[in-house]
Amino acid sequence: MSKYRIAVVVGSLRKDSFNRKLANALARLAPPDFELEQVRIDDLPLYNQDDDGHQAAPVLRLKKEIAAAQGVLFVTAEYNRSIPGVLKNAIDNASRPYGQSAWAGKPAGVIGISIGTIGTAMAQQHLRNVLVFLDMPAMAQPEAFLQAKDGFFDADGNIGEASRGFVQSWMDAYAAWVKRHNA
C-alpha cells in the first residue's frame, strides 16, 4: 500500500489553537494510507524578494517538505476577515523565487475553525484566491466552515459526536481529491 504524504499548514501559532487541534483530529480521521504531517512555519523570515537568491534554511526546509508531499492541507484561522499573516508569509516564501514554487500542482484542501458562527469562511475564500494563482487545484466541495463550540472536540481532542460524521465526510472527500490528482 503506497502512502500519501500530506503537508499540513496550520495558519495559527497560538499554543492552544483550535486550528492545530482540528489538524490533529483530522490526522486521526485520515485513511490508513494517508500520513498527515504538520509543517513548521513559525521560524520563517518575513518574505523579502532580495533573499530569493539565497533563501534561509527554514524556507528551504519548508519547500522541501511541500515538494515531498502528494497534497497540502491548509487549516487556517481567520484574522480580520482574512488569512493570518504568518500563513501568507509561508505561502510567499515557498512560492519564490519566481518559477520555483513548491506549491504548483499540489492538490489542496482548505478548512478552518473559529468561535464565530461563520467559521473561517472569509479566510478560506481569500486563501482559495491565492491558491488559484499558485496553480494548486483546491477542492471546492464540500466546504467546511466550522464553529468551535462546546462539544465540537471531545475530552481527547477528537471531533465530537455531533460533528464527527460531517468532518469525516470532508476528510474522505479530500482524500479522494488527492488520489485523483496523483493518479
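Trainee: Leaving aside its neighbours within four places in sequence, which residues is Leu22 in contact with?
Mentor: Quick reminder that this is a predicted model. In it, Leu22 is in contact with Val75, Ile111, Gly112, Ile113, Leu146, Phe152, Phe153 and Ile159.

Trainee: OK, and which residues touch the most other members in the largest nonpolar core?
Mentor: That core has 30 residues, and Leu22, Leu26, Leu36, Leu73, Ile111, Trp170 and Tyr174 touch the most other members. As a general point, nonpolar side chains tend to be buried together in soluble globular proteins.

Trainee: Which elements give two or more residues to this core?
Mentor: They are β1, α1 (18-29), β2, β3, β4 and α5 (161-181). The most comes from α5, with 7 residues. Apart from this core lies another one, of 27 residues, including Val72, Ala102, Leu127 and Met136.

Trainee: Switching to the sheet. What order do the strands come in?
Mentor: The order is β2-β1-β3-β4-β5, with 5 strands forming an open sheet, and the pairing is parallel. At the edges you find β2 and β5 (145-147), each pairing on one side only. From one strand to the next, the twist averages 25°.

Trainee: How many bridges join β3 to β4?
Mentor: There are 4 bridges between β3 (residues 71-75) and β4 (residues 108-114). Leu73 has Gly109 as its bridge partner in β4. As for β1, this strand pairs with β3 over 5 bridges, in the parallel sense, and there Val8 stands opposite Leu73.

Trainee: What packs on the sheet, touching β3, β4 and β5?
Mentor: That's helix α4 (residues 121-133), and its direction makes about 160° with that of β4.

Trainee: Back to β3 then. Why is it called largely enclosed by the rest of the structure?
Mentor: Because 5 of the 5 residues of β3 are buried. Buried here means under 20% relative accessible area.

Trainee: New topic: rings. How many aromatic pairs are there?
Mentor: The count comes to 4 aromatic pairs. In one of them, Tyr4 and Phe34 have ring centres 4.9 Å apart and planes at 25°, so the pair is stacked; planes under 30 degrees apart count that way. Tyr4 lies in strand β1 (residues 4-10) and Phe34 in strand β2 (residues 34-38), so the pair ties together parts that are 30 residues apart in sequence.

Trainee: Are those two, Tyr4 and Phe34, buried or exposed?
Mentor: Tyr4 is buried, with a relative accessible area of 15%. Phe34 is buried too, at 6%.

Trainee: What about Phe152 and Phe153, how are their planes set?
Mentor: Their planes are at 85° and the ring centres 5.0 Å apart, so this pair is edge-to-face. Phe152 counts as buried at 5% relative accessibility, and Phe153 counts as buried at 13%.

Trainee: Last one. What sits over the ring of Phe18?
Mentor: The charged end of Arg14 does, 5.4 Å from the ring centre.

Conventions:
Residues numbered from 1 in each chain as written. Predicted model: local features only at pLDDT ≥ 70, side-chain atom pairs only at ≥ 80, totals over all residues. Heavy atoms only, no water. Phe/Tyr/Trp six-rings, centres within 6.5 Å; stacked < 30°, edge-to-face > 60°. Buried < 20%, exposed > 50% of the residue type's maximum accessible area, 1.4 Å probe, protein only. Lys NZ or Arg CZ within 6 Å of the ring centre and 35° of its normal. Pairing = 2+ DSSP bridges. Axes fitted to C-alpha atoms, helices over the stretch in contact; angles between N-to-C directions. Contact = heavy atoms within 4.5 Å. Core = buried A, V, L, I, M, F, W, Y, C linked by side-chain atoms within 4.5 Å.
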